[in-house]
Amino acid sequence: MAETPNPASLAIEPLYADDTLLVFDKPSGLLAVPGRGADKQDCLSVRVQARYPDALIVHRLDMATSGLMVMARGAAAQRELSRAFAARTVKKRYIAVVAGRLEAPPEGWGIIDLPIIVDWPNRPLRIVDRIHGKPSLTRWRVLGYEETCTRVELEPITGRSHQLRVHLRELGHPILGDALYAPPDVQAMAGRLLLHACALGFVHPVTGKGLAFERRAPF
């Protein structure tokens, strides 16, 4: 399966750029924003701000996840794009490869409705908690089968941290290469987390034009 390229060796060029926003394809292994410690300062936002000083984060992808991210240029654009994410008008799709044969829903698309909460004793892990968890919804469908795994398309309706990874683990089909939620044998099936943000669609906050971006999964 896919190996993780060294993100330090990858040039970060925008897929789209104007005076209001920027769109990037973040590689797996690169933080979206700085983490704690001197060794976690290299990230997408720092690299982008070196070239576009007004660039601001609107949403994040996990370090291990690759794919499409939008950044705002200036506080006004950040507010508008953040409102769009909060209102769930931003359309996001992901591709993942999961362990085992995940049977397709009879109607094509299925819904995972499992509330998620931080696992405080084991931060940053998340767990399903039907009493205290926050509502978490994921649409999903099967794209195809490989020898010992299933390729799926995912559409998060809510945007909880680690939502897709937790939801698939709860179905009994963790994502290959998932160092947080997969057992060791499933982790070892890939050199990286096989989760990629493949599609992103939203309304331009200034022009009102619909924008749609796609980036094929590198696995």
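Me: What does Asp62 form a salt bridge with?
Reply: Asp62 pairs with Arg165, and the closest N and O atoms are 2.9 Å apart. A salt bridge here is a side-chain nitrogen of Lys or Arg within 4 Å of a carboxyl oxygen of Asp or Glu. Keep in mind that this is a predicted model, where local features need pLDDT of at least 70, side-chain atom pairs count only at pLDDT 80 or more, and totals for chains, interfaces and linings use all residues. Residues are numbered from 1 along each chain as its sequence is written, and side-chain values use heavy atoms, with hydrogens and water left out.

Me: Where do Asp62 and Arg165 lie?
Reply: Asp62 is in the loop between S3 and S4, while Arg165 is in helix H3 (residues 163-170), so the pair ties together parts 103 residues apart in sequence. Helices (H or I, at least four residues) and strands (E, at least two) are DSSP runs, numbered from the N terminus.

Me: And is Arg165 buried or exposed?
Reply: Arg165 counts as buried, at 5% relative accessibility. Asp62 is partly exposed at 24%. The cut-offs are under 20% relative accessible area for buried, over 50% for exposed, and partly exposed in between (1.4 Å probe, protein chains only).

Me: How many salt bridges are there in the whole structure?
Reply: The search finds 14. One of them joins Arg73 to Asp54, with the closest N and O atoms 3.1 Å apart. That pair links distant parts of the chain, 19 residues apart: Arg73 sits in strand S4 (residues 66-73) and Asp54 in the loop between helix H1 (44-51) and strand S3 (55-57).

Me: What about Arg83, which residue does it form a salt bridge with?
Reply: Glu80, and the closest N and O atoms are 2.3 Å apart. Both lie in helix H2 (residues 75-86), three residues apart, about one turn of the helix. Arg83 is partly exposed at 48% relative accessibility, and Glu80 is partly exposed at 38%. Elsewhere, salt bridges that share partners join Arg93, Arg139, Arg141, Glu153 and Glu155 into one network.

Me: Switching to strands. What does S9 pair with?
Reply: S9 pairs with strand S10 (residues 149-156), antiparallel, over seven bridges. Pairing means that DSSP finds at least two bridges between the strands. S9 and S10 form a hairpin with three residues between them, and Gly144 has Arg151 in S10 as its bridge partner. Four bridges also join S9 (residues 137-145) to strand S6 (residues 110-113), again antiparallel. There, Ile111 stands opposite Arg139 in S9.

Me: OK, pockets. Which residues lie nearest the centre of the largest one?
Reply: Arg60, Leu61, Asp62, Ser161 and His162, out of 50 lining residues. A pocket is an open set of points on a 1 Å grid over the protein atoms alone, with protein on both sides within 12 Å along at least five of seven lines; lining residues have an atom within 4 Å of a point.

Me: How much space lies in that largest pocket?
Reply: About 1600 Å³, a volume being the space filled by probe spheres set on the grid points, which are joined across faces, edges and corners. H2, S5, S10 and H3 each supply at least two residues of the lining.

Terms used:
On a 1 Å grid over the protein atoms alone, a cavity is a set of points where a 1.4 Å probe fits but cannot get out, and a pocket is an open set with protein on both sides within 12 Å along at least five of seven lines; lining residues have an atom within 4 Å of a point.
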